[in-house]
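Take a look at the structure below.

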Amino acid sequence: MSSLLQQITARITSEGPISLADYMAECLLHPEHGYYTTRSPFGSEGDFTTAPEISQMFGELIGLALAQCWLDQGAPAPFSLAELGPGRGTLMADLLRATRAVPGFHAAMQIHLVEASPRLRAQQKDALAENQVRWVDSVDALPEQPLFLVANEFFDALPIRQFVRDTEGWRERRVGLSDGALCFGLGPEAPQPALEHRLLDTKPDDLVELTPAAAPITALLAQRIAQHGGAALIIDYGDWRSLGDTLQALQAHAPVDPLLDPGSADLTAHVDFEPLCSVAQGAGCAFSKLTPQGVFLERLGITDRARALAASLQGDALENLIAAHRRLTHPEEMGNLFKVLGITPAHIAPPPGLLS
Ligand code: SAH
């Protein structure tokens with residue numbers, strides 16, 4: 001079977017240039033050659049490290065925050081405990097260990113993991129071997145019942161489209177061919193109804209990004225939370241309202257050319273939280289203030305937790321714990337770049353660590 005580069009080249013030769021979203025979808029989730037399908041991307045051996053892989057404290061605190069929401073909403077049973085894009089299953093394993101002591105939580109939960117990659121599903125199965133877990137392909141397969149959900153670095157992996165502002169319209173940035181090699185180019189100017197409001201705060205040549213899959217996914221989870229109760233914690237790098245090119249390709253912890261070897265690098269983009277909040281509100285939910293990860297974790301008591309763990313550590317293990325605490329919380333590390341958004345039913349307070 002030909003390489004992904006050959007397949008994408010053939011597709012562009014027959015169809016013409018493709019959107020960046022189509023290119024990213026091929027690179028990340030192609031059934032044979034996709035990045036998540038073929039690789040084990042996490043940790044020091046892989047291409048990037050995520051918060052749950054840095055320290056157990058992350059999943060523990062997320063778990064306790066969700067369990068507190070569940071108690072505050074009257075401990076409904078049964079409920080879905082769900083994660084979008086669980087990676088190696090580390091966050092869920094830490095969450096489950098930390099919530100074991102919450103009376104009734106484990107008895108009432110039904111664990112649902114939304115995961116596209118069969119390879120990562122197998123790793124999650126190993127990490128969560130002691131639990132009953134159901135895997136689903138998308139949020140619409142989650143049962144109609146209270147939903148307590150976490151998504152860490154999931155939305156940044158969804159394919160984006162990029163548009164460059166022209167005078168009164170937009171030209172889409174696309175992937176085409178030049179002398180047989182993949183290259184970026186701009187499509188013809190066209191109106192974009194989804195970007196109508198961005199004509200007000202941009203000028204010609206500005207670039208804005210859209211994530212077509214993000215709104216339908218948020219709508220589905222918000223509908224369940226509005227109707228049956230629950231809460232969602234969405235954690236990702238990004239900010240309020242997109243502006244500028246944020247596409248990033250990482251291989252072995254270093255940036256690479258995203259077009260060079262499709263399927264071999266992790267492709268992500270900053271998450272624009274504004275449309276997620278609009279969709280959640282439209283579905284009948286409240287959303288919290290967008291909060292820096294460092295502030296959120298400090299409010300949940302990460303420093304006390306680190307002190308408790310430190311009491312039984314020394315040498316390298318102690319140094320690693322101190323470094324992990326800093327990495328997760330410090331404004332110059334992940335503390336400021338990563339943001340946390342909480343979604344709850346309308347008129348219900350946001351999850352612990354967040355303000356309305
Ligand atoms: N949450 C994990 C992993 C983040 S990487 C962590 O913090 O370590 C992104 C995860 O989302 C991977 O598990 C990937 O396979 C999954 N994923 C990416 N796109 C997806 C999609 N469209 N549907 C379901 N899962 C997806």
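## Inside the core

Start with Ile62. Leaving out residues up to four places away in sequence, Ile62 touches Leu91, Leu95, Val150, Leu233, Ile235 and Phe296. Keep in mind that this is a predicted model.

Ile62 belongs to the largest nonpolar core, which has 44 residues. Together with Leu81 and Leu233, Ile62 has the most contacts inside that core. Which helix gives this core its largest share? Helix α5, residues 56-72, supplies nine residues.

## Aromatic rings

Rings come next. A pair of aromatic rings is described by the distance of the centres and the angle of the planes. The structure holds nine aromatic pairs. Two of them are set out here.

| Pair | Arrangement | Centre to centre | Angle between planes |
|---|---|---|---|
| Phe154 and Phe155 | edge-to-face | 5.3 Å | 85° |
| Tyr237 and Phe338 | stacked | 5.8 Å | 25° |

Are Phe154 and Phe155 buried or exposed? Both are buried.

Tyr237 sits in strand β10, residues 230-239, and Phe338 sits in strand β17, residues 338-345, so the pair ties together parts that are 101 residues apart in sequence. Why does Tyr237 count as buried? Its relative accessibility is 6%, and buried means under 20%. Phe338 is buried as well, because its relative accessible area is 8%.

Some rings gather in a group. Trp70, Phe79, Phe105 and Phe148 form one aromatic cluster. Arg173 lies over the face of Phe184, and the distance to the ring centre is 3.8 Å.

## A buried loop residue

Gln145 is found in a loop. The loop runs between β4 (133-136) and β5 (147-152). Why does Gln145 count as buried? Its relative accessibility is 11%, and the cut-off for buried is under 20%.

What does the side chain of Gln145 meet in a polar contact? The partner is the side chain of Gln110, at 2.8 Å. Contacts of Gln145 beyond four places in sequence are with Pro78, Phe79, Ser80, Gln110 and His228. Phe79 in this list is also part of the aromatic cluster.

Thr9 is found in helix α1, residues 4-15. How far apart are Thr9 and Val175? In sequence they are 166 residues apart. In space they are 9.8 Å apart, C-alpha to C-alpha. Leaving aside residues up to four places away in sequence, Thr9 touches Leu177 and Leu182.

## A three-stranded sheet

The last stop is a sheet. Strands of a sheet pair through backbone hydrogen bonds, either parallel or antiparallel. Here three strands form an open sheet, in the order β12-β11-β13, with antiparallel pairing. Which strands are at the edges? They are β12 (254-255) and β13 (266-268), and each pairs on one side only.

Strand β11, residues 248-251, pairs with β13 over three bridges, in the antiparallel sense. Look for Gln248 there: it stands opposite Thr268 in β13.

Methods. Residues numbered from 1 in each chain as written. Predicted model: local features only at pLDDT ≥ 70, side-chain atom pairs only at ≥ 80, totals over all residues. Heavy atoms only, no water. Helix = DSSP H or I, 4+ residues; strand = E, 2+ residues; numbered from the N terminus. Contact = heavy atoms within 4.5 Å. Pairing = 2+ DSSP bridges. Phe/Tyr/Trp six-rings, centres within 6.5 Å; stacked < 30°, edge-to-face > 60°. Buried < 20%, exposed > 50% of the residue type's maximum accessible area, 1.4 Å probe, protein only. Lys NZ or Arg CZ within 6 Å of the ring centre and 35° of its normal. Polar contact = N/O pair within 3.5 Å; in protein donor to acceptor, adjacent residues only side chain to side chain. Core = buried A, V, L, I, M, F, W, Y, C linked by side-chain atoms within 4.5 Å.
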